[in-house]
Amino acid sequence: MRIANIDGRLKLLIGTGAVDVEHASGSRFSADPQAAYEDFESLRAWAETVTESTEPFEPERAGPPVPAPRQVFAIGLNYREHAAEAGEAAPDKPIVFTKYISSFSGPVTEVELPSGAVDWEVELVAVIGKTARNVSAEHGWDYVAGLTVGQDISERALQMHGGSPQWSLAKSLPGFSPMGAVLVTPDELPDCNNLHIGCAINGEVVQDSRTSLMIYPVPDLIAYLSGLVTLYPGDVIFTGTPSGVGVARKPPRFLRVGEHLRSWVEHIGTLDQRLVASKSIGA
């Protein structure tokens, strides 16, 4: 199953088109995209009965497929080459921080660049499909509603200010967490453990990797997190970025006004961000 949030309404994607879930289901399911995760298995069963689209699918009208999760987790240094370029050893357990949902946006956006040093981090994003507590890694995929593409855009000066990393704030400025357009259930993918992931700036590829190179794959992250806290339907996990970020380059290279940032995960989709000047007072 593939679903999306179009103009704030839940859509089921069929081929190259879409179906409005509330209308097509006779109001059995809500139009609210976040509500999809509260009874996800029933939604999937219903979706299997739908065979034809009724409207076009326009990604530029999409919002994040998970617009209002209870909890957002993000994982740092989850690829060995990224840890190495950061000058860090591979972590002996997942490094976890959070992102704030005020930074969430859809897949096709303009992002205002604040003063500082703004970096890119393409990520695979996993969404929880049912309540998880003390789940084993062996059963981790059973708790995943689906996967989408995300960017963990990061303002590095704020992140490192004061000698104690401010990861959550520096990665949660307005527009810094684009996602979507599509959430794809794992059964739709040839191999949900091994997907090509990358991003490019003005057509130049700057990150190019595979999700199979994660230190802690999605099932391991679910096992670790659910062993500490309860995961709820619709919770979001940004699973970490591969190597190739700007701060690790020599000299460092950061995003600039006028540039186009394109991010992708194969079989899932792409993000397109245009970087624009800040409109804030005093900018």
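Modeller: The model is predicted, so local features need pLDDT of at least 70 and side-chain atom pairs count only at pLDDT 80 or more, while totals for chains, interfaces and linings use all residues. Residues are numbered from 1 along each chain as its sequence is written, and side-chain values use heavy atoms, with hydrogens and water left out.

Biologist: Why is D272 called buried?

Modeller: Buried means under 20% relative accessible area, exposed over 50%, and partly exposed in between, with a 1.4 Å probe and protein chains only. D272 has a relative accessible area of 17%, so D272 is buried. D272 is found in strand β20, residues 269-277; a strand is a DSSP run of E with at least two residues, a helix one of H or I with at least four, and both are numbered from the N terminus.

Biologist: What makes the pairing of D272 with H260 a polar contact?

Modeller: A polar contact is a pair of N or O atoms within 3.5 Å; within protein, one must be able to donate a hydrogen and the other to accept it, and residues adjacent in sequence count only if both atoms are side-chain atoms. The side chains of D272 and H260 make such a contact at 2.7 Å. The side chain of D272 also makes one with the side chain of R262, at 2.6 Å.

Biologist: Which residues is D272 in contact with, leaving aside neighbours within four places in sequence?

Modeller: Contact means heavy atoms within 4.5 Å. On that basis D272 is in contact with P107, V108, T109, H260, L261 and R262.

Biologist: Why is S27 called exposed?

Modeller: The relative accessibility of S27 is 53%, so S27 counts as exposed. S27 lies in the loop between α1 (21-24) and α2 (40-47). Phi of S27 is near 70 degrees, a positive value in a residue other than glycine.

Biologist: Which other residue has a positive phi although it is not a glycine?

Modeller: D7 has a phi of about 55 degrees, and D7 is placed in the loop between β1 (2-6) and β2 (9-14).

Biologist: What is known of the peptide bond joining G180 and A181?

Modeller: The bond between G180 and A181 is cis, with omega about -5 degrees. A181 is found in the loop between β14 (177-178) and β15 (182-184).

Biologist: Where is P251 placed?

Modeller: P251 is in the loop between β18 (236-238) and β19 (260-265). The peptide bond from K250 to P251 is cis, with omega near -5 degrees.
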